[in-house]
Amino acid sequence: MLLKEYRICMPLTVDEYKIGQLYMISKHSHEQSDRGEGVEVVQNEPFEDPHHGNGQFTEKRVYLNSKLPSWARAVVPKIFYVTEKAWNYYPYTITEYTCSFLPKFSIHIETKYEDNKGSNDRIFDSEAKDLEREVCFIDIACDEIPERYYKESEDPKHFKSEKTGRGQLREGWRDSHQPIMCSYKLVTVKFEVWGLQTRVEQFVHKVVRDILLIGHRQAFAWVDEWYDMTMDEVREFERATQEATNKKIGVFPPAISISSIPLLPSSVRSAPSSAPSTPLSTDAPEFLSVPKDRPRKKSAPETLTLPDPEKKATLNLPGVPASDRPCRPKSE
């Protein structure tokens, strides 16, 4: 198990981001989906939790096969997906990722939002007070993202919001910008396979970090699209986008409803994800690469030569006199 805490600041308030994170997740999922690939929404239902109060449960299937690295495609089924279950008690959320094909693999994310610049060192005391973890700050303006995901229109250094006047963030913006909020994310990655555990968990954390960086950049860059929305309007956008996304990837379920009656028993509830899925790198980790110059074993001949079936000559068997050698049967 590898535990890390990520802190991502944005030039928004926690109240504003309640709309923004729902809008961003839906739009990003739709953009990243194509026929047979992407994010299928299975459930999206309100519920009431005895401890956290009113919330929203979502279950999604993230189809990834063509976006997996080549080394992973070689060992997973052609129809491959990750199950995402999320419980949103904003400003507190829980997200879990599992895969039936890899039962010893899981990702657990707990998120809390506060109006500060990432200065609360005790925010997860009740969840992980005594657990050793690395704290990683992510800067949406200055941290580099993979080149294939870069868009100038989504770069906070260049983007400036017409509705809020915020944007064109510069190095050190977190020290002086108002308003400012922080997404605190406690991320646990488990891959309990001896010999691979540490390296795979480190690799997954790198992917998670890229996802968080890209998702939070988009949430701010799209602020003019969602800033004036009400909760009812963003839920309607969410419903319509989810149906369109399901059709886009080739899934045609009944229309998704966001009802006022919870459909899940409390025993199986344990928030939507605050960042969307992002395609994985296509490069295999070094520890899974097969050496190209690995010598071939010489315990068997390179090729096996069989007699030509068209020839009717006798078989040449070593150590057997010609007169005793069997002959090929003549064709009828």
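Analyst: Contact here means heavy atoms within 4.5 Å. Helices (H or I, at least four residues) and strands (E, at least two) are DSSP runs, numbered from the N terminus. The model is predicted, so that local features need pLDDT of at least 70 and side-chain atom pairs count only at pLDDT 80 or more, while totals for chains, interfaces and linings use all residues. Residues are numbered from 1 along each chain as its sequence is written, and side-chain values use heavy atoms, with hydrogens and water left out.

User: Which strands does helix α4 lie across?

Analyst: Helix α4, residues 197–221, lies across β1 (2–10), β6, β7 and β8, and runs at about 15° to β1; such angles, from 0 to 180 degrees, are taken between N-to-C directions of lines fitted to C-alpha atoms, for helices over the stretch in contact. Helix α6 lies across β2 and β3 (53–63), with an angle of about 145° to β2.

User: What is the order of the strands in the open sheet?

Analyst: Strands of a sheet pair through backbone hydrogen bonds, either parallel or antiparallel. Here 8 strands form an open sheet with mixed pairing, in the order β2-β3-β4-β5-β6-β8-β1-β7, where a pair requires at least two DSSP bridges. Because β2 and β7 (134–138) stand at the edges and each has a single partner strand, one side of each is left without a neighbour in the sheet. On average, and with direction ignored, neighbouring strands of this sheet are turned by 15° against each other.

User: In which sense do β6 and β8 pair?

Analyst: Strand β6 (residues 105–114) pairs with strand β8 (residues 181–191) in the antiparallel sense, over 10 bridges; within β8, C182 is the bridge partner of E114.
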